[in-house]
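Please look over the sequence and the model shown here, and keep both at hand while reading. The paragraphs that follow move from one part of the fold to the next.

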Amino acid sequence: MASNRLSVGASPASPSLTLPDHGLRRRSIQDLHPRFLHPLENGGTRILILENISQEAVAAFRTLGFHVDHYTTAMTEEELIEKIPTYHAIGIRSKTKITSRVISAAPKLLAIGCFCIGTNQVDLNAAAAAGIPVFNSPFSNSRSVAELVMAELVALSRQLFERSYELRNGIWNKKSKGCWEVRGKTLGIVGYGHIGSQLSVLAESFGIRVLFYDVINIMPLGSARQVPTLSALLSESDFVTLHVPELPETTNLISAQQLREMKQGSYLINNARGKVVDIPALIEAVKSGHLAGAAIDVFPQEPGSNGPGFNDDLNPWVTELRNLSNVILTPHIGGSTEEAQRMIGDEVAQALSSYLGYGSTLGAVNFPEVDLRAITAEQDTQIRICHVHKNQPGVLRQINEVLSPYNVEKQYSDSKGEIAYVMADIANVSRADLSKLQELISSTDANILTRFLA
């Protein structure tokens with residue numbers, strides 16, 4: 001991708017839209033009379049939406065005047081490379097991978113929205129280097145995942161899936177051996193973040209004792225207790241549930257050694273990321289009887305669309321895993337509830353719209369968080385400059401020299417790693433001045449991306 005990018009926008013009056021306030025710092029779009037970016041060179045802002053993202057989010061984008069192409073499935077890297085060059089923003093969930101090759105093939109791309117919690121499916125460093133902020137929804141599906149874990153606790157301890165499968169095949173098998181109440185048992189939570197802490201409260205309401213392990217010290221909720229090591233948690237817990245991101249240090253976090261440290265007859269639940277558990281080692285632990293069961297919602301490799309495809313061609317151990325008793329397998333549905341998807345759609349759509357229309361990067365995971373109060377409809381002589389640049393000395397001096405003939409109404413800048421971002425509103429700028437400003441700012445050696453919003 002070229003290192004110097006420029007985008008100029010003229011913004012006609014746009015329909016008002018109110019998106020829900022989830023307690024975040026992002027604005028109400030209706031209150032700020034937005035004037036959204038419409039690149040002059042291609043007639044409008046184009047957004048590519050994949051993986052069956054909330055229709056409410058799609059409708060919100062279209063209401064704001066964006067052109068939206070919506071596909072219900074994921075795309076491969078090659079498909080994206082062919083498709084993405086004409087789009088200014090893309091919305092994905094967890095299956096679509098936005099690699100450095102995809103980013104290099106997207107000269108017009110301004111923003112990426114991950115309509116989920118995780119962002120490991122995006123090359124965050126490559127996106128930042130190209131001047132592209134990445135937004136996600138870190139909170140909205142927490143309750144849905146926590147409730148699924150509670151359901152799995154009960155289903156595993158009562159062998160619910162086995163009895164249901166047998167009865168569907170005409171076999172009446174009423175038994176109590178190996179079936180337990182969850183009351184009085186110990187739940188070990190690995191990762192006490194938004195999901196883990198909500199789960200902690202729900203579990204205690206069932207009379208479950210809660211332990212948790214996290215790499216930082218966290219104040220527990222209720223009667224939960226933090227333990228100093230993962231080994232300590234594994235050795236004390238009847239159920240172990242994982243809620244950690246996919247990082248190099250969490251790959252195979254639970255492998256053969258950790259499975260041996262778990263209690264005889266205990267259960268493992270993974271609704272986090274597929275590479276966190278060494279699944280062949282888990283298969284052996286269940287087959288040997290050391291574990292009484294498991295629930296797995298995420299896998300190292302997952303099909304790109306619904307339908308057939310979860311087989312040994314995808315992961316070589318799938319058939320063996322599918323044949324295990326008292327192992328619950330679900331197709332990455334932890335956050336797949338109507339409520340969660342609606343809230344995720346609202347939150348990420350608002351973040352993308354705020355960036356495209358205002359330049360705000362609040363909530364970006366790979367980018368400096370910069371914001372300015374909105375230019376009102378009455379301030380029709382003002383324009384907003386959004387300048388992404390390399391984080392090096394002397395850039396602000398250069399920019400301020402370029403802006404010195406004008407009245408700078410407000411300005412704010414911040415940096416994160418090698419990327420810096422400055423927003424400035426200037427008044428009394430004529431259309432004739434825009435070309436000169438474009439040339440002067442885009443010609444600076446630190447320029448990555450410069451946008452004008454008017």
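**A walk through the predicted model**

S15 and S16 form a hairpin with two residues between them, and in the turn glycine 417 has a positive phi of about 65°. The names of such elements follow DSSP runs numbered from the N terminus, where a helix is a run of H or I of at least four residues and a strand a run of E of at least two. This is a predicted model, in which local features need pLDDT of at least 70 and side-chain atom pairs count only at pLDDT 80 or more, while totals for chains, interfaces and linings use all residues. Residues are numbered from 1 along each chain as its sequence is written, and side-chain values use heavy atoms, with hydrogens and water left out.

Glutamine 411 stands opposite alanine 424 in S16. S16 also runs antiparallel to S14, to which eight bridges join it, and here lysine 390 stands opposite isoleucine 419 of S16. Nine of the nine residues of S16 are buried, so this strand is largely enclosed by the rest of the structure; buried means under 20% relative accessible area, exposed over 50%, and partly exposed in between, with a 1.4 Å probe and protein chains only. Ile419, Tyr421, Met423, Asp425 and Ala427 point one way from S16, whereas Ala420, Val422, Ala424 and Ile426 point the other way, and all are buried.

The largest nonpolar core has 34 residues, of which Ile47, Phe61, Phe115, Tyr355 and Tyr421 touch the most other members. A nonpolar core is here a set of buried Ala, Val, Leu, Ile, Met, Phe, Trp, Tyr and Cys residues joined through side-chain atoms within 4.5 Å. Strand S2 (46–49), helix H1 (55–63), helix H12 (338–358), strand S14 (383–390), strand S16 (419–427) and strand S17 (447–453) each give two or more residues to this core, and the largest share, seven residues, comes from H12. Apart from this core lies another, of 31 residues, among them Val190, Val227, Leu234 and Leu242. In soluble globular proteins, nonpolar side chains tend to be buried together.

Another part of the model holds an open sheet of seven strands in the order S9-S8-S7-S10-S11-S12-S13, with parallel pairing. Strand S9 (225–226) and S13 stand at the edges, each with a single partner strand, so one side of each is left without a neighbour in the sheet. Two bridges join S8 to S9 in parallel, and the bridge partner of leucine 211 in S9 is arginine 225. Helix H10 (residues 279–287) packs on the sheet, touching S11, strand S12 (291–296) and S13, and its direction makes about 145° with that of S12. Contact means heavy atoms within 4.5 Å, and the angle, on a scale from 0 to 180 degrees, is taken between N-to-C directions of axes fitted to C-alpha atoms, for helices over the stretch in contact.

Asparagine 270 belongs to strand S11 (residues 266–270) and, at 1% relative accessibility, counts as buried. Leaving aside neighbours within four places in sequence, asparagine 270 is in contact with Leu242, Val277, Ala295, Ile296, Asp297 and Val298. A polar atom of the side chain of asparagine 270 lies 3.0 Å from the backbone nitrogen of alanine 272.

In H7, Ile195, Gly196, Ser197, Leu199, Ser200, Leu202 and Ala203 are buried, and the buried residues of this helix pack against H5, strand S7 (186–190), S8 and strand S10 (239–242). Just after H7, glycine 207 takes a positive phi of about 80°. Phenylalanine 206 lies in the loop between helix H7 (194–205) and strand S8 (209–213) and counts as partly exposed at 40% relative accessibility. Not counting residues up to four places away in sequence, phenylalanine 206 touches Met150, Val154, Val182 and Arg183.

Most residues other than glycine have a negative phi, and most peptide bonds are trans.

Methods
Two strands pair if DSSP finds at least two bridges between them. A polar contact is a pair of N or O atoms within 3.5 Å; within protein, one must be able to donate a hydrogen and the other to accept it, and residues adjacent in sequence count only if both atoms are side-chain atoms.
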